[in-house]
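Dear colleague,

My notes on it follow directly after.

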Amino acid sequence: MTVLPAWLLRHQAVIEPYLGDSAYGPIYGPAVTVVCLADDERRMVRDAEGSEVVSELTLYLLPGTVCPAGSRVSVNGRTTTVIGSYIRDGGGLPTPDHVEAVCQ
């Protein structure tokens, strides 16, 4: 398996994985600090319901990173919410496997 090269992972993100909702609002798991590549680019993406929403930040994370939609992420001095998280696996091809998380 080929993964993202270490020299690309220049940022640190603190991820609080979304676990669900309670009567008092969202529930998050324990915070985990991971290395990533943060790309500040505005683009149109689809959320879990299929609606078009604007993403302001895309994180490229190492394979196996848990970052489901709804998670709270802090990177580059700001805190945002994950719109969607996608596993990018080349299936054995020589492409860099990673997790892509698009954020509000």
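In these notes, buried means under 20% relative accessible area, exposed means over 50%, and partly exposed lies in between (1.4 Å probe, protein chains only). The model is predicted: local features need pLDDT of at least 70, side-chain atom pairs count only at pLDDT 80 or more, and totals for chains, interfaces and linings use all residues. Residues are numbered from 1 along each chain as its sequence is written, and side-chain values use heavy atoms, with hydrogens and water left out.

Confidence is given as pLDDT, the predictor's confidence in each residue, from 0 to 100. The chain averages 94, and 99% of the residues score at least 70. Strands are DSSP runs (E, at least two residues), numbered from the N terminus. Mean confidence is highest in strand 1, at 98, and lowest in strand 5 (residues 43–46), at 92.

Val3 lies in the segment before strand 1 (11–16). With a relative accessible area of 35%, Val3 is partly exposed.

Strand 7 (residues 57–61) is largely enclosed by the rest of the structure, because five of its five residues are buried. Leu57, Leu59 and Leu61 point one way from this strand, and Thr58 and Tyr60 the other way. In a regular strand, side chains alternate between the two faces of the sheet.

Strands count as paired if DSSP finds at least two bridges between them. Strand 7 runs antiparallel to strand 4 (residues 32–39), joined by four bridges, and Ala38 stands opposite Leu59. Five bridges pair strand 7 with strand 10 (residues 98–103), also in the antiparallel sense; there, Glu100 is the bridge partner of Tyr60.

With kind regards
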